[in-house]
Amino acid sequence: MVKNKIKWADKTVVITGGGSGIGRAVAIALAKKSATIHLIDLRQERISALLHELSPNPNIYGHTIDVTSPEQLEQLAATLPSKIDILINCAGILHQGKLATSTHQEFRQVMDVNLWGVINSIKAFLPQLRNQRQGSHIINIASIAGLIGAPEMAAYNASKFAILGLTESLAIE
């Protein structure tokens, strides 16, 4: 079997939630492969810590952006000087609690970050991704919670199930 090797040094990747968790791990792995990386995170201190850890890498940029704001994402997409090859949506939050006792605001916040953050990111970067002559990719990180419901996880499960449905529909489009 012949593996198709990716020339990461030629790739530009945008990672939401890039300052922590899975997004951080992906950024570290891709930095080792010399990809150009744009980290998006709500918390500047997370971005600064990762940029410091990965220095002196000149191809990693940090952006303090709220993924629930389509305007902030659209502004970033419009100002990035390079092409975008891969969008990796990792931003997410967890709310644990029974549906009966969770507030509408708690449920809404999880959906705003976990689902709408993905939608906002895709809509902001999709024009650049579609303009690539070679294949571009959107990777939406969900979790097992997108496949299996769990007690006291209604908001989180609903957001992750929605991400999987969105991803399947987008792939068909």
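Predicted model: local features only at pLDDT ≥ 70, side-chain atom pairs only at ≥ 80, totals over all residues.
H4 covers residues 104-130 and H5 covers residues 154-172. Their axes lie 8 Å apart, and the angle between the two helices is about 15°. H4 and H5 are therefore roughly parallel to each other, since angles under 35 degrees count as such. The crossing that they form is right-handed. On the H4 side, the contact is made by Phe107, Val110, Met111, Asn114, Leu115, Val118, Ile119 and Ile122. The partners of these residues in H5 are Ala154, Ala155, Tyr156, Ala158, Ser159, Lys160, Ala162, Ile163, Leu166 and Leu170. Sorted by class, the residues of this contact comprise 15 nonpolar, 2 polar and 1 charged.

H4 also packs against helix H3, which spans residues 70-79. Here the axes come within 8 Å and cross at roughly 20°. That angle makes H3 roughly parallel to H4. Once again the handedness can be stated: H3 and H4 cross in a right-handed manner. From H3, the residues Pro70, Leu73, Glu74, Leu76 and Ala77 take part. They meet Asn120, Ser121, Ala124, Phe125 and Gln128 of H4. In this contact, 6 residues are nonpolar, 3 are polar and 1 is charged.

Another helix pair is formed by H1, residues 21-32, and H2, residues 44-54. The axes of H1 and H2 are 11 Å apart, with a packing angle of about 25°. H1 is thus roughly parallel to H2. The crossing of H1 past H2 is right-handed. Arg24, Ala27, Ile28 and Ala31 are the H1 residues in contact, and they face Leu50, Glu53 and Leu54 of H2. The class breakdown for this contact is 5 nonpolar and 2 charged residues, with no polar ones.

The largest pocket holds about 490 Å³. It is lined by 25 residues, and those closest to the pocket centre are Cys90, Ala91, Gly92, Ile93 and Val113. Two or more lining residues are contributed by each of H1, strand E2 (36-41), H4 and H5. H1 supplies the largest share of the lining, at 3 residues. The lining as a whole includes 13 nonpolar, 7 polar and 5 charged residues.

Ser34 sits in the loop that runs between H1 and E2. Pro56 belongs to the loop between H2 and strand E3, the latter covering residues 60-64.

Methods
Residues numbered from 1 in each chain as written. Heavy atoms only, no water. Axes fitted to C-alpha atoms, helices over the stretch in contact; angles between N-to-C directions. Helix = DSSP H or I, 4+ residues; strand = E, 2+ residues; numbered from the N terminus. Parallel < 35°, antiparallel > 145°, perpendicular 65-115°, else oblique. Left-handed = near helix turned anticlockwise from the far one by under 90°. Contact = heavy atoms within 4.5 Å. Nonpolar A, V, L, I, M, F, W, Y, C, P; charged D, E, K, R; others polar. 1 Å grid on protein atoms, 1.4 Å probe; cavity = no way out; pocket = protein on both sides within 12 Å on 5 of 7 lines; lining within 4 Å. Points joined across faces, edges and corners; volume = space filled by probe spheres on them.
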